[in-house]
Amino acid sequence: MAGQPAIFHALLRPSILQMLRATGYHSTKGAVLDSLTDLAARYLSVLCERTAAHAIHNHGDAGDYGVVDIRLALQDAGALLPERAATEQAWRGDEDLRGIDDFLKWFSGPRMKELMDMGRGDGEIDATDYLSALKKKHSKTGEDTKYHGSLIGRPIDAIGDVQVEGGAITSIDEWITRRRSAASSASPPEEPQTNGHPSPSAASSGLSSVGDRLDGHDDGADDSKMDLV
């Protein structure tokens, strides 16, 4: 691996280690850990893609997702089992919620609590996950401001428009607007064409002036070419 995938893989590996530790495993081979991490990454990617697809279908925007979209994505990934077929649910006249009930019981049960406690690590009660606990442990002031704007920190707030010093233009947006206006006004209007040939309107305008040119005998014109007889 190289580049961003390697970074994301490295950040996900400790989570898999904590899950294995909470399940009862205390050691594993590196190849096994990488395989489990890759499977978890693929599973999360499928959930995100399916959630975005359902959000687009239901709301028209991938970012405008809700609980229903996530639930449908979990159903697509097979996380909410057992579940009767849609035809059987329609025939019975009720919705099969056994898979959702089992998922909620697991999520709010002791196993999930054990995973969360194991993920905090080193008794860091205030931290919500291992990464927050690790950043708090290595920060002298207890703050994570030095990670802002990085991959493991919060994004930097928008600083507004970039100001351009000197001249009448004060921002990059204004400069782009002026450049576009200048480019549109400088380019001559193109004649409409059809399949690479001048349009019939352009040809008809040229033919309409033939009579004027014949009657007036334009200067520099060849009389032999203008004689139609």
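Predicted model: local features only at pLDDT ≥ 70, side-chain atom pairs only at ≥ 80, totals over all residues.
Salt bridges are considered first. In general, side chains of opposite charge can pair when their charged atoms come close. The count of salt bridges in the model comes to nine. In one of them, the side chains of Arg13 and Asp34 meet with an N to O distance of 3.0 Å. Arg13 belongs to helix α1 (residues 4–23) and Asp34 to helix α2, so this pair ties together parts that lie 21 residues apart in sequence. Arg13 is partly exposed, its relative accessible area being 28%, and Asp34 is likewise partly exposed, at 33% relative accessibility.

A further salt bridge is formed by the side chains of Arg71 and Glu95, with an N to O distance of 2.4 Å. This pair links distant parts of the chain, since Arg71 is located in helix α3 and Glu95 in the loop between α4 and α5 (98–107), 24 residues apart. Arg71 counts as partly exposed at 25% relative accessibility, and Glu95 counts as partly exposed at 46%.

Arg84 and Glu88 also form a salt bridge, in which the closest N and O atoms are 3.7 Å apart. The relative accessible area of Arg84 is 23%, so this residue is partly exposed; Glu88, with a relative accessibility of 32%, is partly exposed as well. Both residues belong to a network of salt bridges that links Arg84, Glu88, Arg92, Asp96 and Arg98.

Val32 itself counts as partly exposed because its relative accessibility is 39%, a value between the limits of 20% for buried and 50% for exposed residues.

Arg50 is also situated in helix α2 and, at 35% relative accessibility, is partly exposed. Apart from neighbours within four places in sequence, Arg50 is in contact with Ala73 and Asp76. The C-alpha atoms of Arg50 and Ile70 are 8.1 Å apart in space, although these residues are separated by 20 residues in sequence.

Finally, the backbone contains a cis peptide bond between Leu81 and Pro82, for which omega is about 5°. Pro82 is found in the loop that runs between helices α3 (67–76) and α4 (86–92).

Conventions
Residues numbered from 1 in each chain as written. Heavy atoms only, no water. Helix = DSSP H or I, 4+ residues; strand = E, 2+ residues; numbered from the N terminus. Buried < 20%, exposed > 50% of the residue type's maximum accessible area, 1.4 Å probe, protein only. Contact = heavy atoms within 4.5 Å. Salt bridge = Lys/Arg side-chain N within 4 Å of Asp/Glu carboxyl O.
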